[in-house]
Amino acid sequence: VEDSVSNGALCQCGAVRDDHASAALGDYFSTAIVNHWESVQHSSEQPTDAFGEVQFAGASKRHSHFLRLSWSTEPSLVYNILTTIWGLPTPNLVVSVVGGNSRTQIKTWVREILRQGLVKASQSTGAWILTTGLRERLGQCVGQAVRDHAAAASSVSLNKVVALGIAPWGVVEKREQLVNPQGSFPARYYVQNISQESCYLDNNYQAFLLVDDGSVGRKGGEIGFRARLEEYISHQRTGIWGSGSIDIPVVCMLISGGTDMLKRMDLSLKNSIPWLVLAGSGGLADFLSDVLENLSPAPAVQSSGEGDSEAGPSVDLKDRVAERFKKHFPSEAKTEKLVEWAFSIYQNRGLITVYHGEQESPNDFDTVLLKTLVGASKQRASVDASPYSDELKLAVTWNRVDIAKSELFNGDIQWKYKDLEDSMTDALINDKPQFVRLFTENGLNIMQYLTYGRLETLYRSVPDGTVLYQLLQHCLEERLGNMASAQPSSEQQSSSSKVAVSKVLKLLMGDVCQPFYYKALSLELTSFNRTAMKRASTILRGYSVYQQQRCPHPWASLFLWAVLQNRSEMALFFWEMAGEAVLSALGGCKILRELSKREDETETKLSMKELAQKFENLAHDIFSSCYRSDENRSFSLLIRKSPVWGHSTCLQMGVSADARLFFSNDGVQSLLSEIWWGDMKRNTEIWKLLLTFFCPILCYTNLITFRNRNDQLEEEEKMLMEDELDQDTDSLYGTTVCSYSDIKHEVDSKGHRSGAIKGVPQRPPQSPFIVSRWRQFWFAPVTSFLGNVLMYFLFLFLFAYVLLVDFKPPPPSGPTGTECVLYFWVFTIVCEEIRQTLFLGTTWTQSFRLYIQDVWNKCDLTAISLFIVGLICRMFHRSHEFGRDVLCLDYMVFTIRLIHIFAIHKQLGPKLIIVGKMMKDVFFFLFFLGVWVLAYGVANQALIYTYDPNPNRIFLRVFYMPYLHIFGYGSSIEEEMDVGRELNCTDNVTLIESGEEPCRNQDSNWLVVILLVVYLLVTNILLINLVIAMFSYTFSEVQEHSDTYWKFQRYNLIVEYHSRPSLAPPFIILSHIKVFIKRVIRKVPSVKIHHFVLDLEPKAANRLSTWETIQKEDFLTARNKIQKSSDSERLKRMSAKIDDVLKRLTESKEFEHRLQAQMEHYSTVLNWVVDILAQGSTFKPPRPPPALRDSLPSSSRSTGFQP
């Protein structure tokens, strides 16, 4: 379509005539004459030839994405490219900046609004900024603001400012540098450094969408596509994978602008896109602010015609709009269509907000954006909707808790539960703990909120790629795989997350507690099998009923959910709200440490370990506070069974979580010492204990001091009398089971475990002094330990005697009586190991799994297995010697097992940890040493002996002799050089193959010496000193925390000997027979199995939990007070106060400026009134006007009434 201005040289599309294809130049329209070029009719689409990444040569090292696309491209496809392929974060807000008049410069205060207001608000809300992306006017100002923000912001800022340029392809300078049909990765884009503004791409933008409508050099070709993209984005959901509660808010910001923006603005307003007009920026923005603020709709005038009454005010308003339009744009010729667009914009004024940026602070620009969107949402909101719900959802989406506190939760609004429900879910899923805390403090009932259905929704929102997501998927696939009989429906798959969560927690927690959520799924407390899966599927078929069930422990469930996702601040808040602070902290520590073992990313692994250590510190500090407050209650707290945490206790959870710091607490050690010594005083000397052990009659003397049980009962009754003053007897916390007297008291009081735990302590029947004192001594764990150690030494002496002196040939010559005693002794040890295995768990598999986890149990299992093998082999003539060798090796294992007794000693106990860690260092050292031994040994053998096929000599010379060289043994250098000393050697290959000693090679002796020197240098100096340094580091590291290591190691030993019978092998067989009769035949339940578990009645458990909660709150209050009194917190508060004062001063100055402007306006109006009245003769004043002050201008003094 020829352009008449260019005399046919150019087309109306802006391109040169010769650039068009031949089809476009031919006359195929016959007599038809085309006067106007249209993109729809006169252009065709082709596959894009410009896409990829662009690198701005000489300007920035960062690459930006770009894409040339047609103006008719679907916005859904473009949005998917932006978020999925290019990886831009999903926006919480989209600000489309339009306008900019090419004839006027951008004002300074407008630049400040863009830099301090728009970009800062975009960073705090996670917004996208849409402009043309060109280095001209408005696009360049936004790019510079983004650049300044990127230079000042932290590199670890959560929300980066995303600037997106949408420009017409035909106006981009040097666009041919971007063309590459195969894609450019990257395309080098050269920008000329010119002072004036140009249409080059701005290097401060992250991505560019270059819209091609077929025109060249014509602006505005991208307007239609940009409006459609904004409309599409406004219908997408915010949050992670669209999990937010609202659509992505989109707001258009008008700065200056010409009349060509009226059509664009009218189109967006009809799509319900709100606009923010920056008054005072010039151009169209000033016209619209004038119309919207100063033009009020005229009231309807009653007339004779019905049609006139409706059209009259509309016509009058339209005329006034046209009048103001001519005032602001006097040079516009064709104004009819423009006035219609302006009037249509005025009719949608509810979606427009006028912002006087010159008079207001740019720091509050995010609040202005929020009010703009809220005002627009109120125009679209239904009658039943809360007028503040949209504002709350926007504040949650932007994570602006300060706005929510100051505007929404200041006490003026009465929030209902239904208004906070969706926002609470949004805050939980998108990790906004401050809002969760705010909602909880302002009327959200967590018991009503958290149902099993909503908890499953939270677990289904877990982001992909996390460890929790992978574990859930694995467990879900296993469950669906077990349902092979029928194809599972999508509803069942969606409801499977609770079963998967239960399996994940079971995997992480192990056997320390019972599985979670079994009661809700009506599953038995067994391992997951096909029957359990079918049962779960049956329950989940009633999905709607199951969804509505409320979680009995909502805060604990949310705490588990937050910990599994490694959300630090959220988990700490839920821990504060949940009960059982000590056990919850240890449970979180356990889960995080197990997750860190499965995490591959180093940074995430480190954050998990740090959060786990933080929870362990909290458990230690809070229990210290509890122990200082009440010793007996703190003991009950340690061994109390928790229904929330699968009937686990603090001690069990601490051991499973490897919480060494927690076990180093004085309160924990005090309980363990009390259990260890039983009814004996803890300061009893060892020599008194040994003397009484060998002379039991001394236990009836005063050599060892025992606790008086009657005095203890009197103290308990006194405490009970004090409690009865305020509460009933059911509130008693119970006493800790520490000794045999406690156990006997429980059994004798009611026949079962209820006396000291479930009710009032009652005096047990008095046993004879002889019986009670005997039991008090021999039933103490320390006595059992001492007996086992002494008998174990006797066992090792017997074993050594059999091997060295009394080991006879196979039957019928042997074995001897001494050897048979040894076999019986080992048999009693085997019986004890079987009893220990059955004691640990509820099922065979669980018991064996717990048994095999202990290192010393593995040592016992190895020793017993070797003994059985040696015993079988020594009974036969062929394998007699082999059996003896195995028994000799087994004696070493039994002797090494003796090291375990050192764990109870405060000085020797940490040395076991040191030895264990050094063994790991030895393996690394042996690896390096093996490399050098192999290298030197093979080379040395090959150089000295040209041919020697004997494998024994090869092994001896390749491995054994180089190893001896390290310690100075083996052949010396003189022997290596003297190759003629072998008298009985030969070079005959036949004799060598028959076993004769080969002669040494005389040609390579010099090289052998060099290799020996290098080998000794590396091994004796480098590697030996390396292992010494490793040992020194390990020793210093463990020795620094030796007390903590010993206290943690001591627990397992106390538990082991506390559960053991009083008699040691081989006499322990008598205890085993007694246990078998009581447990198997008489079906009497074990009492000792509950020594470390306290089962409280509900009222007593609630009282104990309340006391623990009070201690936790006191601890947190004291900690917060210490933090507030620190210098850093004082500086923060002082800085906040100074900022508030400066803000108020700025507001007062702005108010003063506005007041001064209004006063000047009023003064001008009054002067005008005076002048008008002075010109007329109707009114005669009785007296002259008052004289003006000297501060007024002199021209004003002459103004007055003429007499």
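What follows is a run of questions and answers on a predicted model.

Q: What makes a set of 153 residues a nonpolar core?
A: The members have to be buried residues of the nonpolar kinds, joined through side-chain atoms within 4.5 Å. The largest such core has 153 residues, and those touching the most other members are Leu428, Phe439, Phe574, Phe615, Phe662 and Phe795. Helix H36 (residues 781-804) gives the largest share, 12 residues. For a look at one member, take Leu428: its contacts include Val436, Tyr449, Trp561 and Phe574, with residues up to four places away in sequence not counted. A second, separate core has 54 residues, among them Leu114, Val251, Leu278 and Ile403.

Q: Why are strand E6 (184-190) and strand E10 (352-355) said to stand at the edges?
A: The open sheet has 10 strands, in the order E6-E1-E2-E7-E5-E4-E3-E8-E9-E10, with mixed pairing. E6 and E10 each have a single partner strand, so one side of each has no neighbour in the sheet. From one strand to the next, the twist averages 25°.

Q: How do you know that strand E1 (residues 51-57) and E6 are paired?
A: Pairing takes at least two bridges. E1 and E6 are joined by 5 bridges and run parallel, so they count as a pair. Within this pair, Val54 stands opposite Ala187 in E6.

Q: Which helix lies across E8, E9 and E10 at about 110° to E10?
A: That's helix H7 (residues 284-294).

Q: How do you know that residues 777-804 are listed as a transmembrane region, and how much of the span is helix?
A: The listing comes from an unreviewed UniProt entry, which also gives 855-874 among others. In the model, residues 777-804 are 93% helix and 0% strand, with end C-alpha atoms 37 Å apart. Residues 855-874 are 100% helix, and their end C-alpha atoms lie 29 Å apart.

Terms used
Residues numbered from 1 in each chain as written. Predicted model: local features only at pLDDT ≥ 70, side-chain atom pairs only at ≥ 80, totals over all residues. Heavy atoms only, no water. Buried < 20%, exposed > 50% of the residue type's maximum accessible area, 1.4 Å probe, protein only. Helix = DSSP H or I, 4+ residues; strand = E, 2+ residues; numbered from the N terminus. Contact = heavy atoms within 4.5 Å. Axes fitted to C-alpha atoms, helices over the stretch in contact; angles between N-to-C directions. UniProt positions renumbered as here; feature names shortened; annotations may be inferred.
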